[in-house]
Amino acid sequence: MNQDHSPIQQRVKAHRRGEPVGLYSVCCSHPMVLTAAMQVAQRYDTLLLVEATSNQVDQFGGYTGMNPEQFRSYVNLLAHERGFPLERLVLGGDHLGPNAWQARPAVEAMANAEVLIAAYAAAGFHKIHLDCSMRCADDPGTLTDETVAARSARLAAIAEAAAAQAGHPPPVYVIGTEVPVPGGESALADAGAPTSPQAAARTLEVHCRAFLDAGLHGAWRRVIAMVVQPGVDFDASHIQHYDAAEAAKLSAFVAGQPGLVFEAHSTDYQRESSLHEMVRDHFAILKVGPAATFALREGLLALCQIEDELLPPERASRLMEVLDEVMLAKPEHWRKHYPGSSEEQRLMRRYGLSDRCRYYWNEAPVAAAVEALCANLDAIEIPLPLLSQHLHEQYLEVLQGQLAAKPRALLEHKVGRVLAQYARACNHNAAAVNTPAPIC
């Protein structure tokens, strides 16, 4: 990978030349989501950008149990098994900073963040989101842009050294101070309005000064994107949809910044037309995660309903019951996100758009129940009427001979339909067809 022509940089440059293209980032570690993403990338001939978040993967294992090197090996193995070319696979690190250690003093949290980012860079993660926007235990109530930028520059210096020592090309960076909450809001009322152009300009200026003061001139030239709030978000049961008119001033601001695009977080559940508009408006990096695992959960529930029709209770996997039992036993990943009565919490645990159950698929009892479900349905022929009733879109593909009526194939197809919206927005952008003169 040439350091001046990495696939990420090429894509950003193409967008800035006026080509109707962008990048979508799959922020997920589930193997069925990742294999679905590989199928989509092959179908639409796109780059596959897979990002691990700082709570999924860290030097201590995160909630996946993997450190960055192990995650890289895991994704590469999936690609090898699926015949996906590694040259079209790029790994990124999301929310790299003190996120996981906000309850600790800043000195301690940033020390952990330094080890974290060094591990990501040494493992060959090429796209690095420097996220120091969250306050630590002894920080003031609101962090200044200068503090955020200084901490980000400090982490960038460590990433530069770690990548060079490991023999990897230097990373590309994403910066920002108005960073949406990872995984969606607890309540949509907490979501912010679109970032003002003035705030975006100040963020850019302060980060530039911090990088240059730290002697990171080369790293600053590889800052490809800035995270802002484009006015999109979601909580457990509501979606804030993109409004191009409200984001117009912000879009115009980045159009005047050569080589830079915006990175949009929390784009899950947006209309496909909105995804096209966002890429057109220079929110050219779209992040998706919970929407993909939400589709996976929908598919698993549908398969459970099919299983209940075909098998006696004593042979059924009980997947959804097992999942809820584990979530109740380990509530730390959902309790803050799902207020209300016990019945309201039960509904949100199973159906909430926040999809907090994504944190539990690696738990041994849940993983075993998924395997049992798939084994049960692999062993029998799923009747077409049941497939039509519970997985109708997949049923139509089965009828056409385009899809096997097997559980994993059905699940990957369902997830792939979500990811395909992002691929089309980033590779066949309809909203940008009539865009006027290219920008450079």
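Trainee: Which residues do ring pairs link into a cluster?

Mentor: That cluster consists of Phe71, Tyr74, Tyr120 and Phe125, joined through ring pairs. Keep in mind as we go that this is a predicted model.

Trainee: How many aromatic pairs does the structure hold?

Mentor: There are 11 aromatic pairs. Take Phe60 and Trp101 as one of them: the ring centres are 6.4 Å apart and the planes stand at 80 degrees, so this pair is edge-to-face.

Trainee: Where do Phe60 and Trp101 lie?

Mentor: Both are in loops. Phe60 belongs to the loop between β2 (48-53) and α3 (68-82), and Trp101 to the loop between β3 (89-96) and α4 (106-122), so the pair ties together parts that are 41 residues apart in sequence.

Trainee: And Trp101, buried or exposed?

Mentor: Trp101 is buried, with a relative accessible area of 5%. Phe60, on the other hand, is exposed at 59%.

Trainee: What about Phe234 and Tyr269, how are their rings arranged?

Mentor: The ring centres of Phe234 and Tyr269 are 5.3 Å apart with the planes at 80 degrees, so that pair is edge-to-face. Phe234 sits in strand β7 (residues 233-234) while Tyr269 is in the loop between β9 and α9, so parts that are 35 residues apart in sequence are tied together.

Trainee: Is Phe234 buried or exposed?

Mentor: Phe234 counts as buried, with 1% relative accessibility. Tyr269 is buried too, and its relative accessible area is 16%.

Trainee: You mentioned α9. Which of its residues are buried?

Mentor: In α9, which covers residues 272-280, the buried ones are Ser274, Leu275, His276, Met278 and Val279.

Trainee: OK, backbone time then. What is phi of Asp45?

Mentor: It is near 55 degrees, a positive value in a residue other than glycine. Asp45 is found in the loop between α2 (31-44) and β2, and it is exposed, with a relative accessible area of 56%.

Trainee: How about His95, where does that one lie?

Mentor: His95 lies in strand β3. Its phi is also positive, near 55 degrees. His95 is buried, with a relative accessible area of 3%.

Trainee: What separates the C-alpha atoms of Gly215 and Ala157?

Mentor: The separation is 8.8 Å, for residues 58 apart along the chain. For Ala214 and Ala156, which are also 58 residues apart, the C-alpha atoms are separated by 9.7 Å.

Trainee: Let's zoom out. How many helices and strands are in the protein?

Mentor: The protein has 16 helices and 10 strands. Of its 440 residues, 55% count as buried.

Trainee: What radius of gyration would a compact globule with 440 residues have?

Mentor: It would be near 22 Å, and the protein has 22 Å, which agrees. Along the principal axes, the C-alpha atoms fill a box of roughly 70 × 50 × 45 Å.

Trainee: And how many positive and negative side chains are there?

Mentor: There are 37 positive and 50 negative side chains, with the centres of the two sets 3 Å apart.

Trainee: Last one: what does the accessible surface come to?

Mentor: About 17,800 Å², with 52% of that belonging to carbon and sulfur atoms.

Notes: Residues are numbered from 1 along each chain as its sequence is written. Side-chain values use heavy atoms; hydrogens and water are left out. Helices (H or I, at least four residues) and strands (E, at least two) are DSSP runs, numbered from the N terminus. The radius of gyration is taken over C-alpha atoms; the globule rule is 2.2 Å times the number of residues to the power 0.38. Buried means under 20% relative accessible area, exposed over 50%, partly exposed in between (1.4 Å probe, protein chains only). Accessible areas come from the Shrake-Rupley method with a 1.4 Å probe; for residues, only the protein chains shown count as cover. Lys and Arg count as positive and Asp and Glu as negative; His and the chain ends are not counted. The place of a charge is taken as NZ of Lys, CZ of Arg, CG of Asp or CD of Glu. Rings of Phe, Tyr and Trp (its six-membered ring) pair if their centres lie within 6.5 Å; planes under 30 degrees apart count as stacked, over 60 as edge-to-face and the rest as tilted.
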